[in-house]
Amino acid sequence: MMQIEQQQQQQPPPPQQQNQLTVQNSGSLSFSSHLSKEDEEISKSALSTFRAKEEEIERKKMEVREKVQLQLGRVEEETKRLAVIREELEALADPMRKEVAQVRKKIDAVNKELKPLGHTCQKKEREYKEALEAFNEKNKEKVQLITKLMELVSESERLRMKKLEELSKNIDSLH
């Protein structure tokens, strides 16, 4: 309404209207019936223009509000999706951490058991190597002794055969 009054104050009255204005003794202005019809038309026109602009503003405001609501709806959906994803990740991470911790504890326990077994294995390997060396040396010694025994037996047989031949010759020469 203020705009209508401002528009009316800014526009000077047409020349015909100025003639129809009369000043009364009380100092107030009065309008003729002709002026009030034009004034009503101007007011109605200004009022309809004002209402049209208000309706357009309201319509645009509703469009913006709808867009904002749509965006808020999308944001809410995305927030819910992200929350679900976060929960899934946390749920996925927790069992894995527990399992990893359990497996690491088992690995540590097995490592503790492996250390003495490794030392025992190395000790046994050394003992085995020493025993194998001793076995191989004794085996070599045995082979050498067998070889010597065979040589001695051969020599003994040869000597006995020789002695038997000599005795046989001696016997043959006695006849």
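This is a predicted model: local features need pLDDT of at least 70, side-chain atom pairs count only at pLDDT 80 or more; totals for chains, interfaces and linings use all residues.
How open to solvent are they? Glu 58 has a relative accessible area of 37%, so it counts as partly exposed. Lys 61 comes in at 42%, so it too is partly exposed.

Next up is the pair Lys 60 and Glu 56, another salt bridge, this time with 3.4 Å between the closest N and O atoms. These two are also both in helix α3, four residues apart, or about one turn of the helix. Lys 60 is partly exposed because its relative accessibility is 44%, and Glu 56 is partly exposed because its value is 37%.

## Arg 59, Glu 63 and the total

Arg 59 and Glu 63 make a salt bridge through their side chains, with an N to O distance of 2.9 Å. Why are they about one helical turn apart? They are four residues apart in helix α3, which means a separation of about one turn. Arg 59 has a relative accessible area of 44%, so it is partly exposed; Glu 63 has 37%, so it lands in the partly exposed class as well.

As background, side chains of opposite charge can pair when their charged atoms come close. How many salt bridges does the model have?

## A nonpolar patch

Moving on from charges, Leu 82, Ile 85, Leu 89, Leu 92 and Met 96 make up a nonpolar surface patch of about 500 Å². Take Leu 89 from that group: Leu 89 lies in helix α3, and since its relative accessibility is 53%, past the 50% cut-off, it counts as exposed.

## Overall layout and surface

The protein chain has three helices and two strands. Which pattern do they follow along the sequence? Reading along the chain gives α-α-β-β-α. Helix α3 covers residues 33-174, and strand β1 covers residues 22-23.

The accessible surface comes to about 16,700 Å², and carbon and sulfur atoms account for 57% of that.

The chain averages a pLDDT of 82, with 78% of the residues scoring at least 70. Which elements mark the two ends of the confidence range? Helix α3 has the highest mean pLDDT of the elements, at 90, while strand β1 has the lowest, at 40.

Residues 1-32 are the part to read with care, as pLDDT stays under 50 throughout that stretch. The model does have 24 contacts beyond four places in sequence for those residues.

Terms used
Residues are numbered from 1 along each chain as its sequence is written. Side-chain values use heavy atoms; hydrogens and water are left out. pLDDT is the predictor's confidence in each residue, from 0 to 100. Contact means heavy atoms within 4.5 Å. A salt bridge is a side-chain nitrogen of Lys or Arg within 4 Å of a carboxyl oxygen of Asp or Glu. Buried means under 20% relative accessible area, exposed over 50%, partly exposed in between (1.4 Å probe, protein chains only). Patches are made of residues with over 30% relative accessible area and no salt bridge: like charges are joined within 9 Å, nonpolar side chains (Val, Leu, Ile, Met, Phe, Trp, Tyr) within 5 Å. Accessible areas come from the Shrake-Rupley method with a 1.4 Å probe; for residues, only the protein chains shown count as cover.
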